[in-house]
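Walk through this model one element at a time.

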Amino acid sequence: IRDDDFAVRSQEDALNIVTNITSGLTFLLAGIGAVSLVVGGIGIMNIMLVSVTERTREIGIRMAIGAREREVLLQFLIESSMLSLFGGIIGIILGLLGAFIVAPLMDIPVIIQLDLIIFAFIFSALVGMVFGFVPAKRASQLDPIDALRHE
């Protein structure tokens with residue numbers, strides 16, 4: 001029989017273990033969120049590319065009657081931002097609903113930070129602008145004559 005067959009841990013050791021686990025889970029969730037943002041951004045880009053392709057004649061008409069490249073670019077950037085903002089609003093609502101449904105079941109408090117919600121809302125608009133830039137640039141550089149000939 002050994003004399004040292006037990007271990008003593010302080011509250012500080014237990015706190016360090018919990019902190020390490022929490023930071024690991026936070027890192028994992030941040031990675032999942034980043035991948036989700038990229039996938040969502042690619043989806044927005046695809047939607048906007050299809051929109052530009054389908055609306056080539058409209059873009060050609062607008063440019064033929066005097067719309068500048070900057071105005072066409074801004075139109076499609078606003079459209080992609082609105083798409084992602086609506087997605088952000090839906091995400092915020094689903095997140096809040098999920099928190100209020102799951103938290104009582106797990107007997108944990110719900111802490112809502114308005115600044116983080118606002119940050120998520122603004123960040124979703126920025127994602128739409130970043131991923132909508134290529135389709136918007138493509139739309140703004142269409143030749144009006146070729147766009148009007150497009151069927």
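The buried residues of α1 are covered by elements that include α2 (56-64), α3 (69-106) and α4 (114-140). Cover here rests on contact, meaning heavy atoms within 4.5 Å. Buried means under 20% relative accessible area, exposed means over 50%, and partly exposed lies in between, with a 1.4 Å probe and protein chains only. By that rule G41, I44, M48, S51 and V52 of α1 are buried. The elements come from DSSP runs numbered from the N terminus: helices are H or I with at least four residues, strands are E with at least two.

This is a predicted model, in which local features need pLDDT of at least 70 and side-chain atom pairs count only at pLDDT 80 or more, while totals for chains, interfaces and linings use all residues. Residues are numbered from 1 along each chain as its sequence is written, and side-chain values use heavy atoms, with hydrogens and water left out.

How far apart are the end C-alpha atoms of α1? Helix α1 takes in residues 11-54, 44 residues in total. The expected span of a helix is 1.5 Å times one less than its number of residues. That gives 64 Å for α1, and its end C-alpha atoms are 64 Å apart, so the two values agree.

Next comes M63, in helix α2. M63 has 13% relative accessibility, so it counts as buried. Which residues does M63 touch, beyond its neighbours within four places in sequence? The contacts are E69, V72, A139, S140, L142 and P144. M63 also sits 9.3 Å from A147, C-alpha to C-alpha, although 84 residues separate them in sequence.

K137 is partly exposed, at 32% relative accessible area. From K137 to L77 is 60 residues in sequence, but 9.0 Å in space, C-alpha to C-alpha.

Now the charged side chains. Side chains of opposite charge can pair when their charged atoms come close. A salt bridge is a side-chain nitrogen of Lys or Arg within 4 Å of a carboxyl oxygen of Asp or Glu. The structure has four of them. R55 pairs with E58, with 3.1 Å between the closest N and O atoms. R55 also pairs with E79, and here the closest N and O atoms are 2.8 Å apart. This second pair links distant parts of the chain: R55 is in the loop between α1 and α2, E79 is in helix α3, and 24 residues separate them. E58 is partly exposed at 33% relative accessibility. E79 is partly exposed too, at 24%. Another salt bridge joins R68 and E71, whose closest N and O atoms are 3.1 Å apart. R68 is partly exposed at 48% relative accessibility, and E71 is partly exposed at 31%. Shared partners join R55, E58 and E79 into one network of salt bridges.

F119 is exposed, at 52% relative accessible area, whereas F123 is partly exposed, at 33%.

Where is empty space left? Rolling a probe the size of a water molecule over the atoms shows it. On a 1 Å grid over the protein atoms alone, a pocket is an open set of points where a 1.4 Å probe fits, with protein on both sides within 12 Å along at least five of seven lines; lining residues have an atom within 4 Å of a point. The largest pocket holds about 730 Å³ of space. Its lining has 22 residues, and L37, G88, G91, I92 and A120 are the closest to its centre. The elements giving two or more residues to this lining are α1, α3 and α4. Helix α4 gives the most, with eight residues.

Finish at D107, in the loop between α3 and α4. Most residues other than glycine have a negative phi. D107 is not a glycine, yet its phi is positive, at about 60 degrees. D107 counts as exposed, at 71% relative accessibility.

Notes
Points joined across faces, edges and corners; volume = space filled by probe spheres on them.
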